Amino acid sequence: MAKLISFHDVAKHKCKNDCWILIHGKVYDISSFMDEHPGGDNVLLAVTGKDASTDFDDVNHSNDAKDTMKKYYIGDVDKSTVPVTAKYIPPWEKESTAETTKEESGNKMLVYLVPLLILGVAFFLRFYNNNKQTA
C-alpha cells in the first residue's frame with residue numbers, strides 16, 4: 001500500500017536539495033534528479049508547492065521520461081489535503097449570465113439613446129434660437 005502524504009508536506013519540500021513534486025496524485029522526491037532534468041532545475045522548482053500535473057502534461061513527456069519517474073515515486077497525496085483551485089476560463093468561453101446580459105443590453109441601449117439625446121438637444125436649441133429671433 002502506498003504511503004499517504006499530505007499536500008502541506010509536499011509543499012514544504014521546494015528547494016533544489018529537497019524537492020518534491022505532485023503529478024497526477026503521486027508524489028515524487030526529485031531532489032537527486034534536479035541536475036539531470038533536460039529542462040533544468042528552474043522548471044522543476046517552478047512547479048513545487050502546487051499540483052504539477054497540467055504542467056507535466058503540457059510538455060508531452062516521452063514514455064522513457066514517465067518510466068524514469070517511477071524510481072522517484074515516494075507515495076500518493078492525501079487528496080483531502082489538496083487545495084481546490086479554480087480553473088481559468090477565458091472570457092470568450094464563459095457562458096453569459098443574467099448579469100452580463102443585463103449589462104450588454106444596457107450598453108446597447110446607450111448606443112441609441114446618446115445620439116437621440118444629442119439630436120433632441122440640437123432641435124431644442126434650434127427651435128429656441130428661431131423663436132428668440134422672431135420675437
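**Salt bridges in the predicted chain**

Reply: Mean pLDDT (the predictor's confidence in each residue, from 0 to 100) is 85 for the chain, and 87% of its residues reach 70 or more. The model is predicted: local features need pLDDT of at least 70, side-chain atom pairs count only at pLDDT 80 or more, and totals for chains, interfaces and linings use all residues. Residues are numbered from 1 along each chain as its sequence is written, and side-chain values use heavy atoms, with hydrogens and water left out.

A salt bridge needs a side-chain nitrogen of Lys or Arg within 4 Å of a carboxyl oxygen of Asp or Glu. The count comes to six.

Start with Lys16 and Asp41. Their side chains meet at 3.2 Å, N to O. Lys16 sits in the loop between strand S2 (14-15) and S3, and Asp41 in helix H2, so the pair ties together parts 25 residues apart in sequence. Helices (H or I, at least four residues) and strands (E, at least two) are DSSP runs, numbered from the N terminus. Lys16, Asp35 and Asp41 are linked in a salt-bridge network. Lys16 is partly exposed, at 36% relative accessibility. Here buried means under 20% relative accessible area, exposed over 50%, and partly exposed in between (1.4 Å probe, protein chains only).

Next, Lys26 and Asp76. Their closest N and O atoms are 3.8 Å apart. Lys26 is in strand S4 and Asp76 in strand S5 (residues 73-77), 50 residues apart. Lys26 is partly exposed at 35%, and Asp76 is partly exposed at 22%.

Last, Lys50 bridges to Asp55, with closest N and O atoms 3.0 Å apart. Lys50 is partly exposed at 35%; Asp55 is partly exposed at 30%.
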